[in-house]
Amino acid sequence: MKAVITVTGRDTTGIIARVSTECAKSGVNILDISQSVMQGEFFAMTMLVDMKNASLSFPEFVDRMNAIGGELGLDVRTMHEDIFNSMHKI
Amino acid sequence: MALLNTHEVLETINMIKDENLDIRTITMGVSLFDCVSDDEDKLCGNVYEKIVSSARDLVSCGEDIEKTYGIPIINKRVSVTPVSLIGGHLSADGYIKLAKTLDRAANALSINFIGGFSALVQKGMSDSARRMISVIPEALSETGLVCSSVNVASTKAGVNMDAIIEMGGAIKRAAYLTKDKNSIACAKLVVFANVPEDNPFMAGAFHGMGEPERVINVGVSGPGVVAAAIDRAGDCSLLELAEIIKKTSFKITRMGQLVAREASQRLGVPFGIVDLSLAPTPAVGDSVAHILENMGLEQTGCPGTTAALAMLNDAVKKGGVMASSSVGGLSGAFIPVSEDAGMIDAVKAGSLTLEKLEAMTAVCSVGIDMVAVPGDVSEAVICGLIADEISIGVANTKTTAVRVIPAYGKRAGDEIDFGGLLGSAPIMKINTISPRRFIERGGRIPAPIHSLKN
(Lines give C-alpha, C1' and ligand atoms only; values in the text may rest on other atoms or scores of the structure.)
Protein backbone atom coordinates (compact mmCIF):
# COMPACT_ATOMS: atom_id res chain seq x y z
CA MET A 1 0.00 0.00 0.00
CA LYS A 2 0.93 3.64 -0.39
CA ALA A 3 0.58 6.26 2.28
CA VAL A 4 0.76 10.03 2.47
CA ILE A 5 2.78 11.68 5.20
CA THR A 6 1.98 15.31 5.85
CA VAL A 7 3.95 17.58 8.11
CA THR A 8 2.68 21.03 9.01
CA GLY A 9 3.77 23.58 11.56
CA ARG A 10 6.49 26.11 12.31
CA ASP A 11 9.55 25.75 10.07
CA THR A 12 12.78 24.49 11.61
CA THR A 13 15.99 23.03 10.20
CA GLY A 14 16.09 19.36 9.33
CA ILE A 15 12.43 18.38 9.24
CA ILE A 16 12.67 16.47 5.99
CA ALA A 17 15.92 14.85 7.07
CA ARG A 18 14.33 13.62 10.26
CA VAL A 19 11.22 12.21 8.52
CA SER A 20 13.10 10.61 5.64
CA THR A 21 15.69 9.03 7.95
CA GLU A 22 12.86 7.37 9.83
CA CYS A 23 11.35 6.17 6.55
CA ALA A 24 14.65 4.65 5.47
CA LYS A 25 15.08 2.94 8.84
CA SER A 26 11.61 1.42 8.52
CA GLY A 27 12.11 0.21 4.95
CA VAL A 28 9.57 2.73 3.68
CA ASN A 29 10.36 4.04 0.20
CA ILE A 30 9.74 7.69 -0.65
CA LEU A 31 8.07 8.06 -4.06
CA ASP A 32 7.35 11.75 -4.18
CA ILE A 33 7.81 14.77 -2.02
CA SER A 34 6.59 18.33 -2.10
CA GLN A 35 7.35 21.06 0.37
CA SER A 36 6.83 24.75 0.83
CA VAL A 37 7.25 27.39 3.48
CA MET A 38 4.37 29.83 3.58
CA GLN A 39 4.58 33.38 4.90
CA GLY A 40 8.20 32.71 5.80
CA GLU A 41 7.50 30.45 8.75
CA PHE A 42 4.65 27.97 8.14
CA PHE A 43 6.06 24.67 6.93
CA ALA A 44 3.95 22.30 4.87
CA MET A 45 5.19 19.05 3.38
CA THR A 46 3.42 16.15 1.73
CA MET A 47 5.23 12.92 0.98
CA LEU A 48 3.98 9.88 -0.89
CA VAL A 49 5.57 6.67 0.37
CA ASP A 50 5.42 2.99 -0.51
CA MET A 51 4.93 0.61 2.42
CA LYS A 52 5.55 -2.53 0.34
CA ASN A 53 8.90 -3.41 1.94
CA ALA A 54 8.27 -1.83 5.32
CA SER A 55 9.84 -3.65 8.24
CA LEU A 56 6.96 -2.80 10.56
CA SER A 57 3.18 -2.75 10.39
CA PHE A 58 1.36 0.36 9.21
CA PRO A 59 -0.07 1.23 12.66
CA GLU A 60 3.44 0.93 14.13
CA PHE A 61 4.80 3.23 11.45
CA VAL A 62 2.01 5.71 12.17
CA ASP A 63 3.01 5.69 15.85
CA ARG A 64 6.67 6.24 14.99
CA MET A 65 5.81 9.20 12.78
CA ASN A 66 3.53 10.63 15.46
CA ALA A 67 6.45 10.41 17.88
CA ILE A 68 8.60 12.49 15.53
CA GLY A 69 5.80 15.04 15.35
CA GLY A 70 5.76 15.23 19.14
CA GLU A 71 9.54 15.61 19.24
CA LEU A 72 9.64 18.43 16.68
CA GLY A 73 6.45 20.12 17.86
CA LEU A 74 4.86 19.63 14.42
CA ASP A 75 1.63 18.08 13.21
CA VAL A 76 2.65 14.86 11.47
CA ARG A 77 -0.06 12.67 9.93
CA THR A 78 0.41 9.39 8.14
CA MET A 79 -2.61 8.21 6.24
CA HIS A 80 -3.52 5.58 3.65
CA GLU A 81 -3.49 7.31 0.24
CA ASP A 82 -7.01 6.06 -0.53
CA ILE A 83 -8.58 8.65 1.72
CA PHE A 84 -7.27 11.40 -0.55
CA ASN A 85 -8.04 9.48 -3.74
CA SER A 86 -11.60 8.81 -2.70
CA MET A 87 -12.21 12.39 -1.67
CA HIS A 88 -10.64 14.17 -4.63
CA LYS A 89 -10.82 11.77 -7.58
CA ILE A 90 -14.00 10.58 -9.24
CA MET B 1 2.95 14.42 -6.30
CA ALA B 2 2.38 11.39 -8.49
CA LEU B 3 -1.40 11.31 -8.30
CA LEU B 4 -2.25 13.72 -5.54
CA ASN B 5 -1.69 17.40 -5.37
CA THR B 6 -0.54 19.09 -2.21
CA HIS B 7 -3.50 21.42 -2.13
CA GLU B 8 -5.94 18.50 -2.05
CA VAL B 9 -3.97 16.66 0.59
CA LEU B 10 -3.85 19.71 2.83
CA GLU B 11 -7.55 20.38 2.22
CA THR B 12 -8.40 16.92 3.57
CA ILE B 13 -6.05 17.30 6.53
CA ASN B 14 -7.55 20.68 7.32
CA MET B 15 -11.09 19.27 7.26
CA ILE B 16 -10.12 16.67 9.83
CA LYS B 17 -7.88 18.85 11.96
CA ASP B 18 -9.69 22.18 12.07
CA GLU B 19 -13.22 21.57 10.80
CA ASN B 20 -14.21 18.51 12.85
CA LEU B 21 -14.70 16.17 9.92
CA ASP B 22 -15.32 12.70 11.22
CA ILE B 23 -17.17 9.48 10.62
CA ARG B 24 -19.93 9.75 13.17
CA THR B 25 -20.75 6.08 13.41
CA ILE B 26 -20.15 2.61 12.08
CA THR B 27 -23.28 0.70 12.98
CA MET B 28 -23.58 -3.03 12.52
CA GLY B 29 -27.11 -4.27 11.99
CA VAL B 30 -27.75 -7.75 13.36
CA SER B 31 -30.85 -9.82 12.71
CA LEU B 32 -32.29 -11.50 15.79
CA PHE B 33 -34.92 -13.57 13.99
CA ASP B 34 -33.05 -16.82 14.60
CA CYS B 35 -32.90 -16.13 18.36
CA VAL B 36 -36.63 -16.74 18.85
CA SER B 37 -37.57 -19.10 21.66
CA ASP B 38 -40.61 -19.66 23.86
CA ASP B 39 -38.30 -19.82 26.86
CA GLU B 40 -37.37 -16.42 28.29
CA ASP B 41 -33.87 -17.38 29.43
CA LYS B 42 -33.11 -19.18 26.24
CA LEU B 43 -34.27 -16.22 24.15
CA CYS B 44 -32.06 -13.82 26.13
CA GLY B 45 -29.14 -16.23 25.92
CA ASN B 46 -29.55 -16.56 22.15
CA VAL B 47 -29.75 -12.78 21.72
CA TYR B 48 -26.63 -12.17 23.79
CA GLU B 49 -24.68 -14.83 21.94
CA LYS B 50 -25.78 -13.62 18.50
CA ILE B 51 -24.89 -9.98 19.15
CA VAL B 52 -21.57 -10.64 20.81
CA SER B 53 -20.41 -13.15 18.22
CA SER B 54 -21.54 -10.95 15.29
CA ALA B 55 -19.93 -7.72 16.46
CA ARG B 56 -16.94 -9.09 18.35
CA ASP B 57 -14.45 -7.27 16.12
CA LEU B 58 -16.47 -4.13 15.45
CA VAL B 59 -14.67 -1.82 17.87
CA SER B 60 -11.15 -3.03 17.11
CA CYS B 61 -11.86 -2.91 13.36
CA GLY B 62 -13.15 0.65 13.70
CA GLU B 63 -10.03 1.65 15.59
CA ASP B 64 -7.77 0.05 12.96
CA ILE B 65 -9.51 1.91 10.15
CA GLU B 66 -9.27 5.12 12.15
CA LYS B 67 -5.54 4.67 12.42
CA THR B 68 -4.94 3.59 8.83
CA TYR B 69 -6.87 6.43 7.24
CA GLY B 70 -6.29 9.05 9.92
CA ILE B 71 -9.99 9.87 10.13
CA PRO B 72 -11.71 9.87 13.53
CA ILE B 73 -14.53 7.34 13.86
CA ILE B 74 -16.49 8.57 16.83
CA ASN B 75 -18.97 5.80 17.51
CA LYS B 76 -19.23 2.08 17.00
CA ARG B 77 -22.73 0.80 17.49
CA VAL B 78 -25.04 -2.14 16.98
CA SER B 79 -28.66 -2.13 15.85
CA VAL B 80 -30.86 -5.18 16.14
CA THR B 81 -34.21 -6.42 14.86
CA PRO B 82 -37.03 -4.58 16.68
CA VAL B 83 -37.33 -6.73 19.79
CA SER B 84 -41.13 -6.63 19.75
CA LEU B 85 -40.93 -8.80 16.62
CA ILE B 86 -38.90 -11.54 18.28
CA GLY B 87 -40.25 -11.36 21.83
CA GLY B 88 -43.18 -13.68 21.18
CA HIS B 89 -44.75 -14.58 24.52
CA LEU B 90 -42.34 -12.48 26.58
CA SER B 91 -44.06 -10.88 29.55
CA ALA B 92 -43.54 -7.21 30.38
CA ASP B 93 -40.87 -8.25 32.90
CA GLY B 94 -39.37 -10.49 30.26
CA TYR B 95 -38.92 -7.47 28.01
CA ILE B 96 -37.05 -5.65 30.77
CA LYS B 97 -34.80 -8.67 31.08
CA LEU B 98 -34.26 -8.59 27.32
CA ALA B 99 -33.32 -4.89 27.51
CA LYS B 100 -30.77 -5.73 30.19
CA THR B 101 -29.43 -8.49 27.97
CA LEU B 102 -28.92 -5.96 25.16
CA ASP B 103 -27.17 -3.66 27.63
CA ARG B 104 -24.88 -6.45 28.80
CA ALA B 105 -23.99 -7.34 25.19
CA ALA B 106 -23.25 -3.67 24.41
CA ASN B 107 -20.98 -3.42 27.44
CA ALA B 108 -19.20 -6.64 26.52
CA LEU B 109 -18.49 -5.23 23.05
CA SER B 110 -17.44 -1.78 24.37
CA ILE B 111 -19.78 -0.13 21.88
CA ASN B 112 -21.45 3.09 22.94
CA PHE B 113 -25.09 2.40 22.10
CA ILE B 114 -27.31 -0.47 21.02
CA GLY B 115 -30.57 0.28 19.21
CA GLY B 116 -33.60 -1.87 18.58
CA PHE B 117 -35.72 -1.89 21.71
CA SER B 118 -38.30 -0.96 19.15
CA ALA B 119 -41.75 -1.54 17.79
CA LEU B 120 -43.56 -0.72 14.56
CA VAL B 121 -47.16 0.10 15.41
CA GLN B 122 -48.20 2.58 12.73
CA LYS B 123 -51.45 0.77 12.04
CA GLY B 124 -52.07 -1.14 15.23
CA MET B 125 -50.41 -2.77 18.17
CA SER B 126 -49.80 -6.49 18.58
CA ASP B 127 -50.03 -7.82 22.15
CA SER B 128 -46.31 -8.37 22.10
CA ALA B 129 -45.61 -4.76 21.01
CA ARG B 130 -48.01 -3.50 23.67
CA ARG B 131 -46.14 -5.35 26.43
CA MET B 132 -42.83 -4.08 25.13
CA ILE B 133 -43.98 -0.47 24.90
CA SER B 134 -45.45 -0.66 28.40
CA VAL B 135 -41.98 -1.22 29.90
CA ILE B 136 -39.92 1.21 27.78
CA PRO B 137 -39.49 3.63 30.72
CA GLU B 138 -38.25 0.88 33.04
CA ALA B 139 -36.07 -0.67 30.32
CA LEU B 140 -34.38 2.66 29.57
CA SER B 141 -33.95 3.72 33.18
CA GLU B 142 -32.49 0.38 34.23
CA THR B 143 -29.98 0.18 31.38
CA GLY B 144 -27.27 2.53 30.15
CA LEU B 145 -26.69 1.87 26.47
CA VAL B 146 -30.04 0.66 25.15
CA CYS B 147 -31.96 2.92 22.77
CA SER B 148 -35.62 2.62 21.98
CA SER B 149 -37.79 3.75 19.09
CA VAL B 150 -41.43 3.33 18.15
CA ASN B 151 -42.90 4.05 14.73
CA VAL B 152 -46.41 5.37 15.33
CA ALA B 153 -47.35 6.52 11.83
CA SER B 154 -46.65 6.17 8.14
CA THR B 155 -47.87 7.83 4.98
CA LYS B 156 -49.50 4.55 3.95
CA ALA B 157 -51.12 3.69 7.27
CA GLY B 158 -51.90 7.10 8.75
CA VAL B 159 -51.32 8.15 12.36
CA ASN B 160 -51.96 5.70 15.20
CA MET B 161 -53.19 8.04 17.94
CA ASP B 162 -53.58 5.16 20.41
CA ALA B 163 -49.86 4.53 20.07
CA ILE B 164 -49.12 8.24 20.50
CA ILE B 165 -51.11 8.20 23.76
CA GLU B 166 -48.97 5.27 24.96
CA MET B 167 -45.80 7.10 24.00
CA GLY B 168 -46.85 10.34 25.70
CA GLY B 169 -47.23 8.36 28.90
CA ALA B 170 -43.97 6.47 28.36
CA ILE B 171 -42.01 9.69 27.84
CA LYS B 172 -43.39 11.29 31.01
CA ARG B 173 -42.69 8.15 33.05
CA ALA B 174 -39.18 7.75 31.59
CA ALA B 175 -38.50 11.36 32.61
CA TYR B 176 -39.70 10.67 36.15
CA LEU B 177 -37.78 7.40 36.56
CA THR B 178 -34.51 9.14 35.64
CA LYS B 179 -35.28 12.41 37.43
CA ASP B 180 -31.94 12.24 39.25
CA LYS B 181 -30.10 12.17 35.92
CA ASN B 182 -31.87 15.04 34.15
CA SER B 183 -34.49 12.64 32.79
CA ILE B 184 -31.86 11.13 30.50
CA ALA B 185 -34.00 8.09 29.59
CA CYS B 186 -35.98 10.38 27.27
CA ALA B 187 -32.80 11.11 25.28
CA LYS B 188 -32.72 7.43 24.35
CA LEU B 189 -36.32 7.25 23.13
CA VAL B 190 -37.61 8.34 19.71
CA VAL B 191 -41.12 8.39 18.32
CA PHE B 192 -41.15 8.12 14.51
CA ALA B 193 -43.26 8.52 11.43
CA ASN B 194 -42.04 6.74 8.28
CA VAL B 195 -39.06 5.32 10.14
CA PRO B 196 -36.13 4.21 7.94
CA GLU B 197 -35.05 0.61 8.57
CA ASP B 198 -31.37 1.13 7.88
CA ASN B 199 -30.59 4.20 9.95
CA PRO B 200 -27.17 4.02 11.66
CA PHE B 201 -27.81 6.98 13.99
CA MET B 202 -29.05 6.66 17.56
CA ALA B 203 -31.40 6.71 19.27
CA GLY B 204 -33.54 5.63 16.31
CA ALA B 205 -31.43 2.83 14.83
CA PHE B 206 -32.80 -0.67 14.42
CA HIS B 207 -32.21 -3.51 11.98
CA GLY B 208 -35.22 -3.56 9.67
CA MET B 209 -37.21 -6.57 8.56
CA GLY B 210 -36.02 -6.52 4.96
CA GLU B 211 -32.37 -6.32 5.93
CA PRO B 212 -29.81 -9.12 5.55
CA GLU B 213 -28.50 -11.25 8.43
CA ARG B 214 -25.83 -8.66 9.21
CA VAL B 215 -25.01 -5.34 7.60
CA ILE B 216 -22.64 -2.39 7.97
CA ASN B 217 -24.15 1.09 7.80
CA VAL B 218 -22.08 4.23 8.16
CA GLY B 219 -23.13 7.72 9.20
CA VAL B 220 -20.94 10.62 8.14
CA SER B 221 -20.82 14.05 9.63
CA GLY B 222 -19.19 17.35 8.91
CA PRO B 223 -21.24 20.48 9.63
CA GLY B 224 -17.97 22.27 10.38
CA VAL B 225 -16.60 21.51 6.92
CA VAL B 226 -19.71 22.86 5.21
CA ALA B 227 -19.76 25.95 7.43
CA ALA B 228 -16.10 26.68 6.66
CA ALA B 229 -16.59 26.21 2.90
CA ILE B 230 -19.51 28.66 2.95
CA ASP B 231 -17.49 31.10 4.99
CA ARG B 232 -14.64 30.99 2.46
CA ALA B 233 -17.07 31.57 -0.42
CA GLY B 234 -17.90 35.08 0.81
CA ASP B 235 -20.64 37.04 -0.95
CA CYS B 236 -21.74 34.69 -3.70
CA SER B 237 -25.24 34.04 -5.04
CA LEU B 238 -27.45 31.26 -3.71
CA LEU B 239 -26.86 29.16 -6.83
CA GLU B 240 -23.14 29.32 -6.26
CA LEU B 241 -23.67 28.55 -2.60
CA ALA B 242 -25.68 25.44 -3.47
CA GLU B 243 -22.81 24.27 -5.67
CA ILE B 244 -20.33 24.73 -2.84
CA ILE B 245 -22.49 22.75 -0.44
CA LYS B 246 -22.94 19.97 -3.00
CA LYS B 247 -19.20 19.67 -3.64
CA THR B 248 -18.42 19.63 0.07
CA SER B 249 -21.11 17.07 0.76
CA PHE B 250 -19.69 14.91 -2.03
CA LYS B 251 -16.25 14.93 -0.43
CA ILE B 252 -17.57 14.13 3.03
CA THR B 253 -19.70 11.29 1.75
CA ARG B 254 -16.85 9.77 -0.25
CA MET B 255 -15.00 9.45 3.02
CA GLY B 256 -18.00 7.63 4.50
CA GLN B 257 -18.20 5.34 1.49
CA LEU B 258 -14.51 4.47 1.81
CA VAL B 259 -14.83 3.65 5.50
CA ALA B 260 -18.02 1.67 4.95
CA ARG B 261 -16.43 -0.41 2.21
CA GLU B 262 -13.32 -1.00 4.26
CA ALA B 263 -15.25 -1.97 7.40
CA SER B 264 -17.50 -4.25 5.39
CA GLN B 265 -14.49 -5.98 3.84
CA ARG B 266 -12.55 -6.36 7.09
CA LEU B 267 -15.52 -7.66 9.05
CA GLY B 268 -16.84 -9.86 6.26
CA VAL B 269 -20.24 -8.24 6.59
CA PRO B 270 -22.12 -6.77 3.59
CA PHE B 271 -22.16 -3.00 3.15
CA GLY B 272 -25.62 -1.51 3.55
CA ILE B 273 -25.81 2.22 3.20
CA VAL B 274 -24.04 5.49 3.87
CA ASP B 275 -26.23 7.93 5.75
CA LEU B 276 -25.18 11.33 4.46
CA SER B 277 -26.33 13.40 7.35
CA LEU B 278 -24.97 16.62 8.75
CA ALA B 279 -24.89 15.58 12.37
CA PRO B 280 -23.76 18.30 14.75
CA THR B 281 -21.98 17.86 18.08
CA PRO B 282 -21.82 20.31 20.96
CA ALA B 283 -18.18 21.05 19.99
CA VAL B 284 -17.39 24.53 18.75
CA GLY B 285 -17.31 24.56 14.94
CA ASP B 286 -19.54 21.50 14.52
CA SER B 287 -22.93 23.14 14.34
CA VAL B 288 -25.69 23.04 11.71
CA ALA B 289 -27.08 26.32 13.08
CA HIS B 290 -23.74 27.95 12.31
CA ILE B 291 -24.00 26.79 8.69
CA LEU B 292 -27.34 28.58 8.43
CA GLU B 293 -25.79 31.65 10.01
CA ASN B 294 -22.83 31.52 7.62
CA MET B 295 -25.38 31.39 4.80
CA GLY B 296 -26.50 34.80 5.97
CA LEU B 297 -29.00 34.52 8.84
CA GLU B 298 -28.38 36.82 11.78
CA GLN B 299 -29.32 33.94 14.06
CA THR B 300 -31.00 30.59 13.49
CA GLY B 301 -34.73 30.85 14.08
CA CYS B 302 -35.18 34.22 12.35
CA PRO B 303 -37.47 34.49 9.30
CA GLY B 304 -35.65 32.86 6.40
CA THR B 305 -34.41 29.95 8.49
CA THR B 306 -36.74 27.40 6.91
CA ALA B 307 -35.70 28.49 3.40
CA ALA B 308 -32.00 28.31 4.22
CA LEU B 309 -32.40 24.90 5.83
CA ALA B 310 -34.43 23.55 2.89
CA MET B 311 -31.70 24.63 0.50
CA LEU B 312 -28.95 23.19 2.70
CA ASN B 313 -30.73 19.87 3.08
CA ASP B 314 -31.37 19.53 -0.64
CA ALA B 315 -27.82 20.42 -1.63
CA VAL B 316 -26.37 17.97 0.91
CA LYS B 317 -28.43 15.17 -0.62
CA LYS B 318 -27.61 16.11 -4.20
CA GLY B 319 -23.89 16.15 -3.48
CA GLY B 320 -23.90 13.04 -1.35
CA VAL B 321 -25.96 10.77 -3.56
CA MET B 322 -23.31 10.63 -6.26
CA ALA B 323 -20.56 9.91 -3.76
CA SER B 324 -21.93 6.63 -2.50
CA SER B 325 -23.14 3.49 -4.20
CA SER B 326 -25.97 3.24 -1.72
CA VAL B 327 -27.47 6.03 0.33
CA GLY B 328 -30.08 5.52 3.01
CA GLY B 329 -30.96 6.07 6.63
CA LEU B 330 -32.01 9.55 7.61
CA SER B 331 -29.76 11.43 5.16
CA GLY B 332 -30.19 15.14 5.75
CA ALA B 333 -29.34 17.93 8.14
CA PHE B 334 -30.01 17.13 11.77
CA ILE B 335 -31.26 19.88 14.03
CA PRO B 336 -31.06 18.50 17.56
CA VAL B 337 -31.10 21.37 20.00
CA SER B 338 -28.93 20.06 22.83
CA GLU B 339 -26.27 18.65 20.50
CA ASP B 340 -25.64 21.85 18.56
CA ALA B 341 -23.91 24.88 20.08
CA GLY B 342 -25.53 27.28 17.60
CA MET B 343 -29.02 25.93 18.24
CA ILE B 344 -28.51 26.24 22.00
CA ASP B 345 -27.42 29.87 21.58
CA ALA B 346 -30.41 30.60 19.34
CA VAL B 347 -32.82 29.19 21.93
CA LYS B 348 -31.18 31.11 24.76
CA ALA B 349 -31.30 34.34 22.78
CA GLY B 350 -35.02 33.85 22.11
CA SER B 351 -34.49 33.63 18.35
CA LEU B 352 -35.46 29.97 18.04
CA THR B 353 -38.82 28.83 19.38
CA LEU B 354 -40.37 25.38 19.45
CA GLU B 355 -42.92 26.44 16.82
CA LYS B 356 -40.17 27.59 14.42
CA LEU B 357 -38.29 24.39 15.07
CA GLU B 358 -41.38 22.45 14.05
CA ALA B 359 -41.58 24.38 10.78
CA MET B 360 -37.91 23.66 10.12
CA THR B 361 -38.48 19.92 10.47
CA ALA B 362 -40.82 20.02 7.47
CA VAL B 363 -37.81 20.53 5.21
CA CYS B 364 -35.02 18.53 6.82
CA SER B 365 -34.35 15.39 8.76
CA VAL B 366 -35.33 14.50 11.42
CA GLY B 367 -37.66 16.33 13.72
CA ILE B 368 -38.16 17.76 17.19
CA ASP B 369 -34.90 16.29 18.38
CA MET B 370 -33.29 16.57 21.82
CA VAL B 371 -35.68 19.29 22.87
CA ALA B 372 -36.10 19.77 26.61
CA VAL B 373 -39.40 21.17 27.89
CA PRO B 374 -40.61 21.90 31.43
CA GLY B 375 -41.18 18.78 33.53
CA ASP B 376 -44.72 19.72 34.51
CA VAL B 377 -46.04 19.76 30.94
CA SER B 378 -49.08 17.51 30.64
CA GLU B 379 -49.15 14.16 28.85
CA ALA B 380 -51.78 15.54 26.48
CA VAL B 381 -49.48 18.38 25.41
CA ILE B 382 -46.62 15.94 24.79
CA CYS B 383 -49.02 13.80 22.72
CA GLY B 384 -50.10 16.91 20.81
CA LEU B 385 -46.47 17.79 20.08
CA ILE B 386 -45.83 14.25 18.84
CA ALA B 387 -49.02 14.21 16.74
CA ASP B 388 -48.12 17.52 15.09
CA GLU B 389 -44.60 16.48 14.23
CA ILE B 390 -45.60 13.04 13.06
CA SER B 391 -48.33 14.52 10.85
CA ILE B 392 -45.74 16.67 9.07
CA GLY B 393 -43.92 13.47 8.13
CA VAL B 394 -47.05 11.60 7.12
CA ALA B 395 -48.39 14.41 4.95
CA ASN B 396 -45.03 15.05 3.29
CA THR B 397 -43.98 11.41 2.79
CA LYS B 398 -40.85 11.89 4.85
CA THR B 399 -39.37 10.71 8.09
CA THR B 400 -40.07 12.82 11.12
CA ALA B 401 -39.42 12.05 14.76
CA VAL B 402 -39.77 13.37 18.27
CA ARG B 403 -37.17 13.03 20.98
CA VAL B 404 -38.47 15.29 23.69
CA ILE B 405 -37.33 15.53 27.30
CA PRO B 406 -39.91 16.81 29.80
CA ALA B 407 -37.15 17.37 32.34
CA TYR B 408 -38.53 16.51 35.74
CA GLY B 409 -38.56 19.43 38.16
CA LYS B 410 -37.23 21.94 35.61
CA ARG B 411 -38.81 25.12 34.28
CA ALA B 412 -38.47 27.10 31.06
CA GLY B 413 -35.13 28.91 31.08
CA ASP B 414 -33.36 26.25 33.21
CA GLU B 415 -30.71 24.09 31.63
CA ILE B 416 -29.89 20.40 31.82
CA ASP B 417 -26.55 18.84 30.98
CA PHE B 418 -26.23 15.26 29.72
CA GLY B 419 -22.53 15.44 28.92
CA GLY B 420 -20.79 13.92 25.90
CA LEU B 421 -22.46 13.88 22.50
CA LEU B 422 -25.92 14.42 23.98
CA GLY B 423 -24.84 17.88 25.10
CA SER B 424 -26.79 20.27 27.26
CA ALA B 425 -30.29 21.56 26.65
CA PRO B 426 -31.97 24.81 27.60
CA ILE B 427 -35.53 24.09 28.73
CA MET B 428 -37.76 25.51 25.98
CA LYS B 429 -41.07 27.21 26.46
CA ILE B 430 -44.01 25.15 25.23
CA ASN B 431 -47.63 26.13 24.63
CA THR B 432 -49.51 24.35 27.44
CA ILE B 433 -53.07 24.87 26.21
CA SER B 434 -54.50 21.37 26.12
CA PRO B 435 -55.35 19.25 23.05
CA ARG B 436 -56.62 16.53 25.45
CA ARG B 437 -60.09 16.04 23.95
CA PHE B 438 -58.69 15.67 20.45
CA ILE B 439 -55.98 13.23 21.53
CA GLU B 440 -58.23 11.12 23.75
CA ARG B 441 -60.58 10.37 20.89
CA GLY B 442 -57.98 7.75 20.08
CA GLY B 443 -58.07 5.56 17.00
CA ARG B 444 -56.28 6.56 13.84
CA ILE B 445 -55.93 9.58 11.61
CA PRO B 446 -56.46 8.08 8.14
CA ALA B 447 -53.65 7.96 5.61
CA PRO B 448 -53.46 11.15 3.51
CA ILE B 449 -54.58 11.33 -0.11
CA HIS B 450 -51.82 11.60 -2.70
CA SER B 451 -53.48 13.45 -5.44
CA LEU B 452 -55.14 16.89 -5.43
CA LYS B 453 -51.84 18.23 -4.08
CA ASN B 454 -51.85 21.81 -2.97
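With 90 residues, what radius of gyration would a compact globule have, and what does chain A have?

Mentor: This is a predicted model, in which local features need pLDDT of at least 70, side-chain atom pairs count only at pLDDT 80 or more, and totals for chains, interfaces and linings use all residues. Residues are numbered from 1 along each chain as its sequence is written, while chains are lettered from A and ligands numbered from 1 in the order in which they are written.

Now your question. A compact globule of 90 residues would have a radius of gyration near 12 Å. Chain A has 13 Å, which agrees. (The radius is taken over C-alpha atoms; the globule rule is 2.2 Å times the number of residues to the power 0.38.) Along the principal axes, the C-alpha atoms of chain A fill a box of roughly 35 × 35 × 20 Å. Of its 90 residues, 31% count as buried (20 or more other C-beta atoms within 10 Å; exposed is 12 or fewer, partly exposed in between; C-beta atoms are placed from the backbone).

Next, the fold. Along the sequence they follow the pattern β-α-β-β-α-β-α.

The 4 strands of chain A form an open sheet in the order E2-E3-E1-E4, and the pairing is antiparallel (a pair needs at least two DSSP bridges). E2 and E4 of chain A stand at the edges. Each has a single partner strand, so one side of each is left without a neighbour in the sheet. From one strand to the next, the twist averages 15 degrees (angles run from 0 to 180 degrees between N-to-C directions, with axes fitted to C-alpha atoms, for helices over the stretch in contact). Take one pairing in detail. E1(A) and E4(A) run antiparallel and are joined by 6 bridges. Within E4(A), Val76(A) is the bridge partner of Val7(A).

H1(A) covers part of this sheet. The helix lies across E1, E2 and E3 of chain A, at about 20 degrees to E3(A). H1(A) spans residues 15-25 and includes Lys25(A). Lys25(A) is exposed, because it has 11 other C-beta atoms within 10 Å. Between the C-alpha atoms of Lys25(A) and Ala54(A) there are 9.0 Å, although 29 residues separate the two in sequence.

Last, the contact between the chains. Chain A gives 23 residues and chain B gives 20 residues. On the chain A side, these elements give two or more residues each: E1 (2-10), E2 (29-38), E3 (42-50), H2 (58-72), E4 (75-80) and H3 (82-88). H3(A) gives the most, with 6 residues. By type, the side of chain A that touches chain B has 11 nonpolar, 7 polar and 5 charged residues. (Nonpolar means Ala, Val, Leu, Ile, Met, Phe, Trp, Tyr, Cys and Pro; charged means Asp, Glu, Lys and Arg; the others, Gly among them, are polar.) E4(A) thus links both views: it stands at an edge of the sheet, and it is among the elements that touch chain B.

How values were computed
Contact = placed C-beta atoms within 7 Å.
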